[in-house]
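The following report concerns the packing of a two-chain model.

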Amino acid sequence: MAYSFPEEVLEHVFSFLSSDRDRNAVSLVCKSWYEIERWCRRRIFIGNCYAVSPDIVIRRFPEVRALEMKGKPHFADFNLVPEGWGGYVHPWIRAMSAAYPLLEEIKLKRMVVTDESLELIARSFKNFKVLVLSSCEGFTTDGLASIAANCRNLRELDLRESEVEDLSGHWLSHFPDNCTSLVSLNMSCLGSEVSFSALERLVARCPNLRTLRLNRAVPLEKLPNLLHRAPQLVELGTGAYSAEIRSDIFSNLTEAFSVCKQLKGLSGFWDAIPAFLPAMYSVCSGITSLNLSYATIQSPDLVKLVSQCRNLQRLWVLDYIEDTGLEALAASCKDLQELRVFPSDPFGAEPNVALTEQGLVSVSEGCPKLQSVLYFCRQMSNAALVTIARNRPEMIRFRLCIIEPQAPDYLTLEPLDTGFGAIVENCKELRRLSMSGLLTDKVFEYIGNHAKKLEMLSIAFAGDSDLGLHHVLSGCESLRKLEIRDCPFGDKALLANAAKLETMRSLWMSSCSVSFGACKLLGQKMPRLNVEVIDERGPPDSRPESCPVEKLYVYRTVAGRRADMPGFVWKMDGDKALSADGSGNKPREVVERLGSSYAINFCTWLSYSLQSVPNTDARIITCMGQRNLFC
Amino acid sequence: MADGSYEETELRLGLPGGLDKIVGANSYAGKRGFEETVDLKLNFAAKEENINDSVKPPAKAQVVGWPPVRSFRKNIMTVKKSGDLEDNEKGSGGGAFVKVSMDGAPYLRKVDLKMYKTYKELSDALGKMFSSFTMGKCDTQGMMDFMNESKLMDLLNSSEYVPTYEDKDGDWMLVGDVPWQMFVESCKRLRIMKGTEAKGLAPRAMEKCKSRS
């Protein structure tokens, strides 16, 4: 049947398929469809840069135009991943500069990007259009200057939340006078002041500019200049939102906002002072996305502002909004889909604001479309969680952070198992869950039984035993990412569910009770996983095999062991398994010693003949058993 | 600062908070079970404390990565409004993250200087990060006695490690020569090096110190 359509026709049909899942399905139909599809795939998403190698990607998909890729584990956001861990993009850029001269888009998250990489991008891709660097680091404003200067058709430059070494604001002036293609510019993470006149001229000559996110250094009194030159803006991030309180500044600002009839999204608002908030009122009715999470304004002013935004769909705000503000939000913003409440004083011992579980309950009652929640608070009850679950069964993302670890239900002093159990039982579409508070193995039983669509789970200071982890790994059918810290989960559950790990993108466990021996065993038996131990105390074999490792990161891969791991100096002989006492026990002996202490499930493994551990580079700290499949 | 308060703020890998929070209520067997099973046998230099003996819960600030707030969102309340955005690494939010390297250690770390109130706290935290490192002889204020040349020379001749930092002017100084707050504001980078290597820094540090007093 494939032969009745010419290739061009099939290609044309395939071009309507945007989802990776569909394209992957298409490529499995038959060999010719596989061939046709791989030649016309233009967009690639790689959720873990180490799951595959540049060569493999390039070999299969020769005509890629857009790459999206993620590097470090999510917990890197909270400083749990040491510097130098990895996530370097340069090998990819190097390979693509030769293979994909027509590349147009690169979107990276949690990767290390250097100025060298940016310069190579600027030089290699003549039609480069989109650069999005989300939570990346490793580059300076010099690298940005290269991009600005050389990418003639640049449409998007978005540095959201990246850590940039800010040498000067001069990079912006490198956009040539004939650059008129910008659609989106997000420089909000930068510190230095850019030349305002260069910025003004750039904005003025880019008629398609839709998104402009300024950095804090852009003064409020100059904002009208930019707005007048870009009245078509859809998303605006202000700079510092404070200035001398003068009526001319206020009226200029008011007038400038009133000209921007297309504005849908607002952010920025550093150092916001209430006096200037009314200047925005004219745009509020059109606003669907509002990020006030840097604005330290208090509840009455916050509430006044938010109540004007009747069409709000997404609100990010500090806990200054308090329960009363959230009640008002629930009353005014019936289209609200996403709420994020951040803590203004996360390390304070005492609450500094009147924000409790009640605020979230109000929003769950009043906002019928609420599906995505990130909420920091200091007290929670099972009753509240049950109410929220029953109010909003269509919840998709629920991330709750009770600031004190292992805080129980403040009313009953019981664990919060029932509450979170209600969440997973009622919210059948739940895809992402982060939990906190006092939790026993019971909650994991609920999760394993009910959370069938859960894709990402974050756990901290929870559970009693391996049973908890076992429930999750054996029950959550859709689980892709699991991240765990400070939980009493050890070897048994991990090894009993080793096969599950191949169906997931990654597992992170830190400050748990997984022993070095179990890590080795896992690595040996699961060749398609990279089992990486991160341990800053020195080589794992300098401690007993039963000693828990500090951090464990396990991910599936077709690329074999990665070559860029930071390492300790550690002696390894090529023809024997790594053993704790350095005695070079034969591999079988090692496993038999370990095997007897594990559940019956592993007995089958004992019968496998073990291969001796390959001779690894002294600098590698990964667990043994990972053979390079592509040598 | 009294010595007793250091315990409150010590950095630990284990659970923060004392058992006494739960003991008063239904003492939860599960929680205790965890503490028994987690016997990490960590080989830290300054390992006098064990998990069970905390009297007061330590300040929340001291658990690494908890609460899970990204660095640019921390310290929103204490952010200065002077508009003086010096060090890019602090981002446009707050916090004073500086890179810490130790000669011979495989990893760089980052610390948020705003999480600590004294040199002793910083020293304890660094000690846990780099277990073979000790701050050496500091007086109770945490300020090194630069006026005492022989004391200083002793330290610099030893094979102990000393912390040094790069200040705003790009000069490398010995840590401890200025009041804590001044240090936090001027420190851009930390490097822990062997005392003998840090010798070259002492004269400058002493001069700067002299010129300030």
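A residue is called buried if its relative accessible area is under 20%, exposed if over 50%, and partly exposed in between (1.4 Å probe, protein chains only). By this criterion, both Y553(A) and Y555(A) are buried. The model is predicted: local features need pLDDT of at least 70, side-chain atom pairs count only at pLDDT 80 or more, and totals for chains, interfaces and linings use all residues. Residues are numbered from 1 along each chain as its sequence is written, chains are lettered from A and ligands numbered from 1 in the order in which they are written, and side-chain values use heavy atoms, with hydrogens and water left out.

**Nonpolar cores**

A nonpolar core is a set of buried Ala, Val, Leu, Ile, Met, Phe, Trp, Tyr and Cys residues joined through side-chain atoms within 4.5 Å. The largest such core comprises 198 residues, and W171(A), Y241(A), F257(A), F398(A) and L482(A) have the most contacts inside it. Another core, of 26 residues, lies apart from it and includes A96(B), M129(B), Y161(B) and V178(B). Contact denotes heavy atoms within 4.5 Å. Neighbours within four places in sequence being left aside, the residues in contact with W171(A) include T141(A), L144(A), L157(A), M187(A) and V194(A).

Helices (H or I, at least four residues) and strands (E, at least two) are DSSP runs, numbered from the N terminus. L507(A) belongs to strand β20 of chain A and is buried, with a relative accessible area of 0%. Beyond four places in sequence, L507(A) is in contact with L482(A), I484(A), L494(A), L501(A), L552(A), Y553(A) and V554(A). L552(A) is 45 residues from L507(A) along the chain, yet their C-alpha atoms are separated by 7.9 Å.

Strand β20 (506-510) is also among the elements that cover the buried residues of α18(A), as are α17 (441-450) and β19 (481-485) of chain A. Helix α18 (residues 466-475) of chain A is mostly covered, with 7 of its 10 residues buried. Among these are L469(A), H471(A), V472(A) and L473(A).

**Aromatic pairs**

Rings of Phe, Tyr and Trp (its six-membered ring) pair if their centres lie within 6.5 Å; planes under 30 degrees apart count as stacked, over 60 as edge-to-face and the rest as tilted. Over all chains, a search of the whole structure finds 22 aromatic pairs. Two of them are tabulated here.

| Pair | Centre distance | Plane angle | Class |
|---|---|---|---|
| Y553(A) and Y555(A) | 5.3 Å | 45° | tilted |
| Y119(B) and F183(B) | 5.3 Å | 45° | tilted |

The pair in chain B links distant parts of the chain: Y119(B) lies in helix α4 (residues 119-129) and F183(B) in helix α6 (residues 180-186), 64 residues apart. Y119(B) and F183(B) are both buried. In chain A, Y553(A) and Y555(A) form one aromatic cluster with Y50(A), F75(A), F78(A), W85(A) and W508(A).

**A helix contact in chain A**

The axes of helix α12 (residues 299-307) and helix α13 (residues 322-332) of chain A come within 9 Å and cross at roughly 10°. Angles under 35 degrees count as roughly parallel, over 145 as roughly antiparallel, 65 to 115 as roughly perpendicular and the rest as oblique. The two helices are therefore roughly parallel. Residues making the contact include V303(A) and V306(A) of α12(A) and A328(A) and L329(A) of α13(A).

**Chain B**

Chain B contains 7 helices and 5 strands. Of its 213 residues, 50% are buried.

Technical notes:
Axes fitted to C-alpha atoms, helices over the stretch in contact; angles between N-to-C directions.
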